Amino acid sequence: MSAYTLRRIAALFALAFGISVLVFLIIRLIPGDPAIVMLGGNAGDPSLVARIHAQLGLDLPMPVQYARWLGGVLAGNFGYSFSYQQTVVSLLRLNFVPTLQLTFAGLAFSLIVGGIIGIVAALQRNRGIDTASMAIALAFVSVPSFWLGLLLILVFAVELPWFDVVGGTSLKGLVLPALALGLGSAGFNARFIRSSVLQAQTLQHVVTARAKGLTGARVFLRHVLRNAILPVLTIAGLQLGQLLSGTVVIETVFSRPGIGRLLVQSILAKDYPTVQALVLIIAFLYALTNFAVDLLYPVLDPRIAAR
Amino acid sequence: MSGEAQLPLASLRASARGAPPVHWLPRALRHRSLAAGLVLCIAILALVIAAPLLASADPNAQDPMQSFAAPSAAHPMGADAFGRDIFARVLYGGRTTILACAGVVLLGGFVGTIIGLVAGYAAGATGFVLMRLVDLLLAFPGILLALVVCTILGPGLVNGVFAIAVVLVPIYARLVEGATREVRHMPYVDAALTLGASVPRIIAQHVLPNVAPGIIVLTTTWLGIAALWIAALGFLGLGVQPPAPEWGAILNDGANYITVAWWITVFPGLFLSLFVIGVNLVGDGLRDELDPTLSAR
């Protein structure tokens, strides 16, 4: 294992520790007694308050509370959801897969559409098509995803009976949510890929390849695109996290099951153990994605491993 | 997104010493996207400020007879379930959304800049600890971090502004810290120190002018995103509480009735989109003007 890989692994552990402390603190930072806030109207019942205190260990010293909580999490015990009356783990089991499907469908959509627009714009630099592409990309970035989702429902489910208003978990039910989720990222990718391609075109070996008479297509595929992909990969890693948290809004719009909608409902219901579990999982997945991107780097660009 | 935040310092320095300030307005207007963005933003601001002149005075006034009234001369954008005028709600709601997102970038930008200056200038252990905290906050996807703060503070507009400002703090801190650290050991800063200049003076005279273009670009970028997130919180029920109008909250009102009254949903979203497009056009224009290395591409 190279020094680079070891450093990345150490950084991942440090980050995971930091994330866990922050997530642990969510309940402890709530002003007032979290048990009373959580119970709301039932706060008058002292036995319920005592039960929550016992479950969260609120009467113990902070480091002990943290160790207890982390031990539980590592053993796969995320606690009990008060608002759903079941363990958080069984909630996760129901909601995790639909969110992953939506996230990856959104990412695929944003990379394909963004890639096409960005590459076309770069190849047609400073012409009408370029300007038009960038105007479209700007609109994609600016339109709120939840409004777009509602418009898609209005047009393709209400006016035209092509889709169901409430999308199921079927493949067809994935189309509109993935579109609404991915369009903003598609606009961002289009702009990013355009400038990435333009920058790669100015690299010395690309100029050399062109000068020695290689065809435009060959230079583009072998030299320009390969160099342009590296920064895009980093962005895709970051975007996976943005898309994952973007499901919070999209799943609500389309009434889809998933951890994003579950998170919003748990926040509104003051169901803190569920909120903690979801935030921890989303943040950790995000950290893990960026870790994977870091490890892919040296494969695509051997110079990084040498550093 | 944060990838764009770190502008090359050399170019920032070049532009800080660039064209004399007298000419910036005409030059800005020659830039097409900047001019278009300014026109769009000013038009929306004018409509929103003139709300009492253009629409009925009370955006919360209910009229059961007008429930779900379609757009007409009396209600240019129709009415919602309670018969409230959507035109009035969109104009008054825009005030809330725009003020809130301005509050977000002012608050987050100010605190982040201070932290960045301290971490970059003090360096050493203080800088190290501050920047590791910044790294930790940056490890959360932005919206998720805002939702965490919302969970702790509870729903509400002011809490929402705080929540999104928290997301901006590490982003500004990182930009400013990097630039500050770079300027800190420039020969002219050493010279100023030797001549007895105080630390606040060095920061005001030498560090801030170098960081300013980056901060301006970051602020316009995040103003648009903050508007979208404020509206998203309103839409989810975590921001403005009913019956107060706000673009996202009106969208939430309309979402349940999309099959019977499209106008409740379409108009606030349209205004929000146009506002964000305007802000982003201004941001792109400023980026071109302030960072020659990007526009040269």
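At what angle do helix H1 (residues 3–29) of chain A and helix H12 (residues 272–300) of chain A pack? The angle is about 165°, with the axes 10 Å apart. This is a predicted model: local features need pLDDT of at least 70, side-chain atom pairs count only at pLDDT 80 or more, and totals for chains, interfaces and linings use all residues. Residues are numbered from 1 along each chain as its sequence is written, while chains are lettered from A and ligands numbered from 1 in the order in which they are written.

**Helix pair in chain A**
- The angle makes H1(A) roughly antiparallel to H12(A) (over 145 degrees; angles run from 0 to 180 degrees between N-to-C directions, and axes are lines fitted to C-alpha atoms, for helices over the stretch in contact).
- Helices are DSSP runs (H or I, at least four residues), numbered from the N terminus.
- Ala, Val, Leu, Ile, Met, Phe, Trp, Tyr, Cys and Pro count as nonpolar, Asp, Glu, Lys and Arg as charged, and the others, Gly among them, as polar.

**Helix pair in chain B**
- The axes of helix H9 (residues 157–184) of chain B and helix H11 (residues 199–236) of chain B come within 10 Å and cross at roughly 160°.
- That makes H9(B) roughly antiparallel to H11(B).
- The crossing of H9(B) and H11(B) is right-handed.
- The contact of H9(B) with H11(B) has 16 nonpolar, five polar and no charged residues.

**Nonpolar core**
- In the largest nonpolar core, of 167 residues, B:Ile164, B:Ala226 and B:Ala227 touch the most other members.
- A nonpolar core is a set of buried Ala, Val, Leu, Ile, Met, Phe, Trp, Tyr and Cys residues joined through C-beta atoms within 7 Å.
- H11(B) gives the largest share of this core, 18 residues.

**Exposed helix in chain A**
- Helix H9 (residues 204–211) of chain A lies largely in the open, because the number buried among its eight residues is zero (buried: 20 or more other C-beta atoms within 10 Å of its own).
- A:Gly213 follows H9(A), and its phi is positive, near 95°.

**Chain contact**
- Chain B gives 34 residues to the contact and chain A gives 43.
- H13(B), residues 262–290, supplies the largest share of chain B's side, nine residues.

Definitions and conventions: Helices (H or I, at least four residues) and strands (E, at least two) are DSSP runs, numbered from the N terminus. Angles under 35 degrees count as roughly parallel, over 145 as roughly antiparallel, 65 to 115 as roughly perpendicular and the rest as oblique. A crossing is left-handed if the near helix is turned anticlockwise from the far one by less than a right angle, and right-handed if clockwise. Two residues are in contact if their C-beta atoms, placed from the backbone, lie within 7 Å. A residue is buried if 20 or more other C-beta atoms lie within 10 Å of its own, exposed if 12 or fewer, and partly exposed in between; C-beta atoms are placed from the backbone.
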